[in-house]
Amino acid sequence: MASSRIESLLARMTVEEKVGQLGVFADMVRPFAPEVNPEANVSNAEQVLQQVREGRVGSLFNGVGAELGRQIQRVAVEESRLGIPVILAADVIHGMRTVFPIPLGEAASFEPELAERTARATAVEATAAGIHWTYAPAVDIARDQRWGRGAEGAGEDVVLGCAFAAARVRGFQGGDLRAADALLATPKHFAAYGAVAAGMEYNTVDIAPQTLRDVHLPPFQAAFAAGALSVMTSFNDINGVPASANRELLTEILRGEWNFPGVVISDYTADMELIAHGYASDARDATRKAFLAGMDMSMQSGFFADHLPALVEDGEVPVEALDAAVRRVLELKEAIGLFDDPYRSLDPAREADASYLPAHDALARDAARRSIVLLKNEGAVLPLRKAGQRIALVGPFARDRENIEGCWTLFGDKSRYVTLEAGLRAALADEALLAVEPGCGLEEPLDGGIDAAVAAARAADVVVLALGEPQRYSGEAQSRTEIVLPAAQQALAEAVAATDTPLVVLLRNGRALALHGAVRDAQAIAVTWFLGTQTGHGVADVLFGDYSPSARLPVSFPLASGQQPLFYNHPRTGRPELPEMKEFKARWREIPDAPLYPFGHGLGYTTFEYGVPSPSTGRLGWDETLTVTTTVTNTGAVAGEEVVQLYVHDRVASRVRPVRELKAFRKIALQPGESAQVAFTLDRHALAFTNPRGEYGAEPGLFDLWVCADALAGEAVQFELLGSGDSGLGIRD
Ligand code: NOJ
């Protein structure tokens with residue numbers, strides 16, 4: 001039962017006013033960049049304010065600014081009949097004014113607590129700029145690197161995805177939703193958006209219900225468990241039913257099984273798109289289907305406003321269902337204290353104070369360096385020296401300012417972006433030792449570019465070659481067929497490598513890439529994703545050894561684009577590849593069934609040795625907990641951090657199980673020569689999966705277990721999960 005305030009409002013609302021609360025429209029009163037939602041331009045600020053005045057707007061999105069936000073709120077509170085405040089939303093994905101690494105990059109840190117801190121900082125800045133509600137985190141599991149929106153999530157793994165989903169929700173929302181700096185979180189896109197066929201954006205999703213349950217839904221559950229009170233539907237269909245009109249998903253699972261009390265918001269015009277899907281015949285039909293499936297708020301199409309009143313009038317939509325949706329929206333507003341203080345998070349003085357917070361730059365720098373994955377480092381070419389070494393910084397990203405932030409950054413303060421050149425210069429003792437040559441454009445050759453780059457490489461002791469994807473290659477609607485570097489950049493790499501000057505490749509990328517030729521063969525390769533505001537400093541910290549890289553791959557790096565979808569936790573096949581036998585095995589004609597670099601891989605400037613994992617018992621009782629302990633030793637000469645990873649494999653089960661699954665991970669810091677005992681606990685819940693009958697539970701039997709440094713490393717130890725008297729098979733957990 002909602003509060004008496006909400007019940008009394010509901011009792012006084014007309015159907016039009018109720019439907020008004022369910023409408024989400026582009027904020028044309030404070031558009032930050034009108035080209036992002038072009039259709040929205042048809043309505044101007046005055047029209048939007050008039051709609052607010054008439055009680056026809058529940059929420060506005062992607063506007064920014066406290067002063068104008070107050071104006072909107074004043075119209076809602078003082079000039080609309082019922083005075084219901086609007087809730088102001090925006091896509092604040094990985095930073096606001098300060099831009100942090102893209103979420104995929106940050107996931108590489110394997111430090112959810114880092115994501116919690118950057119989300120908190122983001123919330124502080126966003127709420128200062130007149131935003132209550134973010135359409136984040138994206139918690140889509142991305143097992144196909146052709147898909148462009150993997151950049152917004154946490155990669156291919158479920159456990160990592162859950163940890164980051166929860167951390168980001170905690171960070172955005174903070175401890176007290178009513179605090180002026182609490183930013184409501186919206187896990188998205190519900191659901192299985194990352195499972196689009198062939199990695200093609202908006203494509204169909206044909207998926208086993210078990211895979212949906214075990215892989216794509218858990219991060220949403222984790223986000224809800226962390227307190228998220230809204231969720232955004234996805235554009236795709238799932239087994240023929242669009243997610244945005246999918247009653248099984250939006251009502252039976254979400255409300256029935258999970259008791260989700262919050263608001264289901266559509267993605268941009270997703271209700272309208274039911275017509276293009278061929279799932280609804282017209283706008284009225286689309287409205288009815290989306291609403292009755294469980295969508296509460298409609299973004300931008302205006303369908304709910306146009307058709308819900310008549311559907312209620314004609315008895316096709318029960319008024320109780322309308323009331324329930326409105327109640328949820330009002331409860332969301334109440335949860336953040338909007339009824340008591342409609343002007344919360346709309347304080348121009350706070351906005352001015354938060355326009356630049358030095359502590360956030362420091363956090364952005366730390367987040368940047370903690371997100372960089374060192375893939376290889378032959379001959380210890382890294383770290384570089386700050387003095388006495390001539391460095392050629394080559395490549396189209398050397399001086400670039402336009403591809404610093406990565407996708408879905410609407411409000412970043414570009415004036416603060418630190419380029420690679422600036423970062424390296426700031427770190428070097430003698431700037432004269434740095435030569436900078438772009439060599440080529442992002443996608444096209446430069447006149448004389450390669451010659452100049454080759455000359456710079458010849459004159460240098462080491463080349464730092466900054467290559468990668470333009471930032472518009474990842475994010476929404478950016479699927480690729482070949483996940484490779486642009487040809488002009490590859491040509492530059494080949495020419496520079498031919499000089500034989502040692503080569504360090506810095507990759508900028510929003511997905512795993514297939515690396516070829518001179519890039520793959522470089523002495524050192526570091527994946528730098530899109531690191532945000534402090535890019536140059538974060539990279540310099542790693543290049544010069546002020547920070548020993550500690551990030552690990554959250555996505556498998558393939559040998560070739562054609563391997564996609566390639567993910568480490570794939571089900572076992574009947575014909576696995578064997579070292580001694582390759583014909584008639586699960587592999588490609590040209591390449592093996594293996595990544596170039598596996599999930600979990602990453603190097604630092606030291607080395608770690610793992611002892612044999614020691615389980616507390618070889619026979620795990622049904623209700624018992626197993627503790628597995630491993631000694632990890634820093635065997636190198638410098639301090640470093642290691643991501644200790646625990647994987648399991650279910651030997652025999654009623655459904656073919658993955659070759660390995662990550663179950664836990666922990667980042668530890670060790671001084672040279674230091675050892676630590678790392679202990680993980682495991683019980684049957686961690687071993688559960690959805691069986692062919694759709695039941696969730698663990699099955700007794702033998703398991704392999706690894707504690708190791710990546711998804712292909714380590715020696716397995718075994719344990720047995722014992723049944724619960726009557727065998728335990730298929731027991732719902
Ligand atoms: C479409 C995107 O899919 C979604 O992630 C975003 O939140 C909305 N547009 C609003 O901009």
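Two strands are said to pair if DSSP finds at least two bridges between them. Helices (H or I, at least four residues) and strands (E, at least two) are DSSP runs, numbered from the N terminus.

## Basis of the model

The model is predicted: local features need pLDDT of at least 70, side-chain atom pairs count only at pLDDT 80 or more, and totals for chains, interfaces and linings use all residues. Residues are numbered from 1 along each chain as its sequence is written, and side-chain values use heavy atoms, with hydrogens and water left out.

## Strand β6 and its neighbours

Strand β6 spans residues 230-233. With strand β9 (residues 263-265) β6 pairs in the parallel sense over 3 bridges, and Met232 has Ile265 of β9 as its bridge partner. Strand β5 (residues 188-190) also runs parallel to β6, joined to it by 2 bridges; here Phe190 is partnered by Thr233.

In a regular strand the side chains alternate between the two faces of the sheet. In β6, Ser230 and Met232 lie on one side and Val231 and Thr233 on the other, and all are buried. Buried means under 20% relative accessible area, exposed over 50%, and partly exposed in between (1.4 Å probe, protein chains only).

## Ligand site

The ligand is surrounded by 14 residues, the closest being Asp91, Arg149, Lys188, His189 and Asp267. A residue counts as near a molecule or strand if one of its heavy atoms lies within 4 Å of it. The shell divides into 7 nonpolar, 2 polar and 5 charged residues. In this division Ala, Val, Leu, Ile, Met, Phe, Trp, Tyr, Cys and Pro count as nonpolar, Asp, Glu, Lys and Arg as charged, and the others, Gly among them, as polar.

For Asp267, a side-chain N or O atom is 2.5 Å from an oxygen atom of the ligand. The protein covers 98% of the 300 Å² of accessible area that the ligand has on its own, with areas taken from the Shrake-Rupley method and a 1.4 Å probe.

## Helix α9

Helix α9 (residues 218-225) has 6 of its 8 residues buried: Pro218, Pro219, Phe220, Ala222, Ala223 and Phe224. Their cover includes α7 (158-173), β5, α8 (209-216), β6 and α10 (247-257). After α9 comes Gly227, with a positive phi near 110 degrees.

## Other strands

Strand β12 (residues 391-394) has Ile391 and Leu393 pointing one way and Ala392 and Val394 the other, all of them buried. β12 runs parallel to strand β13 (residues 434-437), with 4 bridges between them; Leu393 is partnered by Val436 of β13.

An open sheet of 5 strands has the order β21-β29-β28-β23-β24 and mixed pairing. Its edge strands, β21 (619-620) and β24 (661-670), each pair on one side only. β21 pairs with strand β29 (residues 717-721) in the parallel sense over 2 bridges, and Leu620 stands opposite Leu721 in β29.

## Glu111

Glu111 is in the loop between α5 (103-107) and α6 (112-128). Glu111 counts as buried because its relative accessibility is 7%. Leaving aside residues up to four places away in sequence, Glu111 touches Phe164, Arg370, Ser550 and Lys667, where contact means heavy atoms within 4.5 Å.

Key. Polar contact = N/O pair within 3.5 Å; in protein donor to acceptor, adjacent residues only side chain to side chain.
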